[in-house]
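User: Can you walk me through this one?

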Amino acid sequence: MNERERADAVYEILLSRQGEQWVQPRIERTQKLLDYLDNPQRTYRVVHVTGTNGKTSTSRIIESLIRAHGLRTGLFTSPHLERFTERILIDGEPVSDEALVAAWDEIAPFIDLVDAELTASGDAELTFFELLTVLAFVVCADAPVDVLVLEVGMGGLWDSTNTADGDVAVFAPIDLDHAARLGDTIEQIATVKAGIIKDGAAVVSARQAPSAEAVLRGQAGRRDATFAIEGDQFALQQSALAVGGQLISVRGLAAEYADLYLPLYGSHQGFNAALAIAAVEALIGGGRQPIAADVLVEGLSSVTSPGRLQLIGTEPTVLVDAAHNPHGARALAQALGESFDFDEWALVIGVLSDKDADGIVLALSEVATAFFVTAPDSDRATDADALADLLEARELPAAVFPELESAAEAARTWASSAPRRAVIITGSVVLAGEAITLSVDNEWKAGSGA
């Protein structure tokens, strides 16, 4: 068995566990396993990122900026688009199969011990995400990295990632999502997310609803943490469309930075970049040391955010975006109008059953002309006919397809039949990953087969 096969076998073991969506407020179970491993998560500095939307993009920008300082970085995000090694990056690249297998071999002897302790006390065994989090911590310790940028899986307080102590706690915009687990008000959700604030940490937050801001400020005060929020201590001052992305000007914690090129589309990504800059200022120099101009240029210009307004097809233009809740769908709809010069959009959409499909449809129906409905390849997918019913209830006729490939081909044919038309595929991270794979396999980009 080669290293890739061994790494894929590790993933199969993880998949045999309670699934990624199975969560309980049980952080101490992850800590049991980490204690056996001598707490690898305490061997490097940590930037801990939570929020409802923009976590992954913000995390990727933070990581790129830190790496541009000459520091060795780890990045842990979820979920993945194509292969699970995308979730653990070392110096900006997916963890090697060899390093992943080596880390798993360190962990494996202790899993049975912890599982036995848990079952003896009537608790469930370690889950997919708990084990993946520990795996990421060990990979980063073995590398070794200087800084780990750590994206919360869900919530914050009891998320398995919260076994690490973040030097900086970063809050992307907080909105309603995962209400069944986190609470049905923004205040309740913010309370869970505020649990990542540790004693003496630096807190950096996007602009929030007043109820969320009050929760974050209160928790920062109780933890003797510094608090900086967009609009007060830092801000996105300007953004303008540029080829392949945008030019932004940011007022940071320590300095002003003008005319920075960010190769990402959408004003929301400009706000994510401002948040990331403030987070890196807080980490390196305590918010008082400006980021050097060459470091900032290098860090921002090399940023990528796969599955976020990513161009995956030309002739016709096809974009993919992982928007999977109403907040993300609204940001996507705004970005399509701001950043692209098309008259009509075909919407290819598939949503998971635990998401607010009606809210997603409402946001995207404002910009789309033609609707192609399918289901992600997941046992949690919303039935395509039920999703089409939501569109038709708004008097928006939708064509239903059993799988993404046929839906995408129909949408691409529609877009090719008239000028100034394009396709957006969205509604689920799972669907976005399928679309990226499909686009490569079928050579949707002109010249990709050369």
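This is a predicted model: local features need pLDDT of at least 70, side-chain atom pairs count only at pLDDT 80 or more; totals for chains, interfaces and linings use all residues.

User: How many helices and strands does the chain have?

Analyst: There are 15 helices and 17 strands. Those are DSSP runs numbered from the N terminus, H or I of at least four residues for helices and E of at least two for strands.

User: And how compact is the chain?

Analyst: Its radius of gyration is 22 Å, close to the 22 Å from the globule rule for 450 residues, so the chain is as compact as a globular protein of that length. The radius is taken over C-alpha atoms, and the rule is 2.2 Å times the number of residues to the power 0.38.

User: What share of the residues is buried?

Analyst: 56% of the 450 residues. Buried means under 20% relative accessible area, exposed over 50%, partly exposed in between, with a 1.4 Å probe and protein chains only.

User: OK, new topic: α14. Which of its residues are buried?

Analyst: Leu-404, Ala-407, Ala-408, Ala-411, Arg-412, Trp-414 and Ala-415. They cover an arc of only 160° around the axis, which puts them on the same side of α14. That arc is taken from the directions from the helix axis to the C-beta atoms.

User: What do those buried residues pack against?

Analyst: Strands β13 (317–320), β14 (344–349), β15 (370–373) and β17 (421–426), along with helix α15 (429–441). Contact here means heavy atoms within 4.5 Å.

User: Where does Ser-365 sit?

Analyst: In the loop between α12 (357–364) and β15. Ser-365 counts as buried because its relative accessibility is 15%. Not counting residues up to four places away in sequence, it touches Phe-371, Arg-394 and Leu-396.

User: What does its side chain reach at 3.0 Å?

Analyst: The side chain of Ser-365 reaches the backbone oxygen of Leu-362.

User: Last one: Ala-282, buried or exposed?

Analyst: Buried, at 13% relative accessibility. Ala-282 is in helix α9, residues 267–283.

User: Which residues is Ala-282 in contact with?

Analyst: Leaving aside neighbours within four places in sequence, Ala-282 is in contact with Val-168, Ala-202, Val-204, Leu-253 and Gly-287.

Conventions. Residues are numbered from 1 along each chain as its sequence is written. Side-chain values use heavy atoms; hydrogens and water are left out. A polar contact is a pair of N or O atoms within 3.5 Å; within protein, one must be able to donate a hydrogen and the other to accept it, and residues adjacent in sequence count only if both atoms are side-chain atoms.
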